[in-house]
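Morning, everyone. Let me walk you through a new model. Please have a look at it first.

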Amino acid sequence: MKRYTLYFLALAATVFSSCQQDVAQEEDSCCAKPVAADQLPAGTGTLAIPTGAMTDMSLYNLESDWQNQRGEAVKLQDLQGKVQLVAMIYTHCSYACPRIVADLKRIESCLKEFKRDDIGIVLVTMDPARDTPERLNAFATSNSLDAKRWVLLTSEQDNIRELAALLNMKYKTELDGEISHSNIISVLNAQGEIIHQAEGLGVEPDETVNAIKGLLQKI
Amino acid sequence: MRRLLTVLLMLGACSLVQAQKGTPADMVHVKGGTFVPLYGSNNQAISVQGFIMDKYPVTNAQYEAFVAENPKWKKSEVKQLFADAGYLKHWATDMGVGSNADKLKDSPVINVSWFAAKAYCECQGKRLPTVNEWEFAALASETKKDASSEPSFYQRSLDWYSQPNPKYLPPVQNAFKNYYGLYGMIGLVWEWTSDFNSALIIGESRQNASLDRQLFCGAGSSGASDVKNYVAFMRYAFRSSLKANYTVANLGFRCVQDVPVKSTAKL
């Protein structure tokens, strides 16, 4: 039941997207005050709960709803507690995205000495219309991405653009359906703050790897 | 379960209220059409669906009301992730412009980040315009929907760009009014758009941009559809220099809404 409730709410939030932030809030002041956790409808999880422990610069302050490659509903907060490598892609992309995945794999291969649980890799699609969870899952399989480490995420275009803005990513869908985009690999610490960014394709992984090692030694 | 239903009913009520409003008094309908954007379409015309747009940029007084309702957007409480240190720096207090209220209450609010602008619009049941929507609406002179061929129209922008910001921005009602009845699209403040981060025309793009190589080879302006159009080039270049938590002393915003779908059946 809980699960269905969640989907139902997600659906409702999609349909009434203008009120998307306002589930379980007062009618007339749309985004007014967060509701205490115990007053929330069942199954809404962390929705609208103020993020007490969250630092000011944590990307996990975003409260948007996402889906992973298994079609599960997730929050960005769920990425908390691990060092995360984050990049944006779209699976119909023929030029840059395979290269950025290759760059991430290179970084991954430099981190073998660390426990797998300490580091996650997140790919966020810029093309939610075509990149369904199924499609993302197929992409993960065909690129042999370790399911325990790699998370592929999709959401509504607005939420994606918001996250992109925080990652300093620029992208634009061209008339032919291709997406022009910057290529940035971001390293987030366990709290979700950006601590390092590498721009461009085929960048030597050393700096990024060192940034990650620096973080992991602190954990 | 009952709570869930209540929530859904509230959502329903919210959307119904908006649907019944049609075009509110402080907004105008911009009829859809096509235009050739300065960047990114290889000189092809792109179509813009009709939309409803705020007549005026959001004012200090309106933004004060928003902050009063939404304390997390107070200067003292906003997260640095969502707005930099210059957020609302022209306000004397946490709650408003303070002693300059008579001069500034109807002036456009500035020093607001993209996140703040987006949150404001969402709370009104609206959204920020896209770059294409904004540029399309800004093509209009007083008398023509598309004044892109009129040198005098561009001169207006050039004259504006060449002037320093006034100490007190004028009230929104005094600004240039275009064909659609939109005030201050030119000559008042620059405005946020929802996809401001779709413009890739600065140096970094030569290194990073993946696909549209013809857009970025050579100088930044070589992809422009009308190289004479320095005016729009300035806007695109400015947008591409922004980050979502930046606040700028001449950057404000206004909101838009989709045109409600006319349905014969009642919900």
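One term before we start: a residue is called buried if 20 or more other C-beta atoms lie within 10 Å of its own. By that count, 42% of the 219 residues of chain A are buried. Keep in mind that this is a predicted model. Its scores are ipTM 0.76 and pTM 0.78.

Let's take chain A. It has five helices and nine strands. Starting at the N terminus, the order of elements is α-β-β-β-α-β-α-β-α-β-β-β-β-α. Now contacts. Take those in chain A with a separation of 6 or more: 62% of them link residues 24 or more positions apart.

Next, a sheet in chain A. In what order do its five strands lie? The order is β5-β4-β3-β8-β9. This sheet is open, and its pairing is mixed. At the edges stand β5 (150-153) and β9 (194-199) of chain A. Each has a single partner strand, so one side of each is left without a neighbour in the sheet. From one strand to the next, the twist averages 20°.

Look at one pair in that sheet. Strand β4 of chain A, residues 119-125, is joined to β5(A) by four bridges. The two run parallel. Within this pair, Val124(A) sits opposite Leu153(A). As a reminder, strands of a sheet pair through backbone hydrogen bonds, either parallel or antiparallel.

On to chain B. Here we find an open sheet of three strands, ordered β1-β4-β7. Its pairing is antiparallel. The edge strands are β1 (27-30) and β7 (256-258) of chain B. Both have a single partner strand, so one side of each lacks a neighbour in the sheet. The twist in this sheet averages 25° from one strand to the next.

Again, one pair up close. Three bridges hold β4 of chain B, residues 51-54, to β7(B), and the two strands are antiparallel. Phe51(B) faces Asp258(B) of β7(B) there.

Now a helix: α2 of chain B, residues 60-69. Which of its residues are buried? They are Asn60(B), Tyr63(B) and Val67(B). Viewed down the axis of α2(B), these buried residues fall within an arc of 60°, so they line one face of the helix. Among what covers them are α3 (101-104) and α4 (114-123) of chain B.

That brings us to the largest nonpolar core, with 102 residues. Which members touch the most other members? Ala87(A), Ile89(A), Val122(A), Ala116(B) and Ala117(B) do. The element that gives the most to this core is α4(B), with eight residues. Take Ala116(B). Beyond its neighbours within four places in sequence, Ala116(B) contacts Trp73(B), Phe82(B) and Ala83(B).

Last, confidence in chain B. The average pLDDT is 81, and 76% of the residues score at least 70. Where pLDDT is low, the predicted coordinates should not be read in detail.

How values were computed:
Residues are numbered from 1 along each chain as its sequence is written. Chains are lettered from A and ligands numbered from 1 in the order in which they are written. This is a predicted model: local features need pLDDT of at least 70, side-chain atom pairs count only at pLDDT 80 or more; totals for chains, interfaces and linings use all residues. A residue is buried if 20 or more other C-beta atoms lie within 10 Å of its own, exposed if 12 or fewer, and partly exposed in between; C-beta atoms are placed from the backbone. The arc is that of the directions from the helix axis to the C-beta atoms. Two residues are in contact if their C-beta atoms, placed from the backbone, lie within 7 Å. Two strands pair if DSSP finds at least two bridges between them. Axes are lines fitted to C-alpha atoms, for helices over the stretch in contact, and angles run from 0 to 180 degrees between N-to-C directions. pLDDT is the predictor's confidence in each residue, from 0 to 100. A nonpolar core is a set of buried Ala, Val, Leu, Ile, Met, Phe, Trp, Tyr and Cys residues joined through C-beta atoms within 7 Å.
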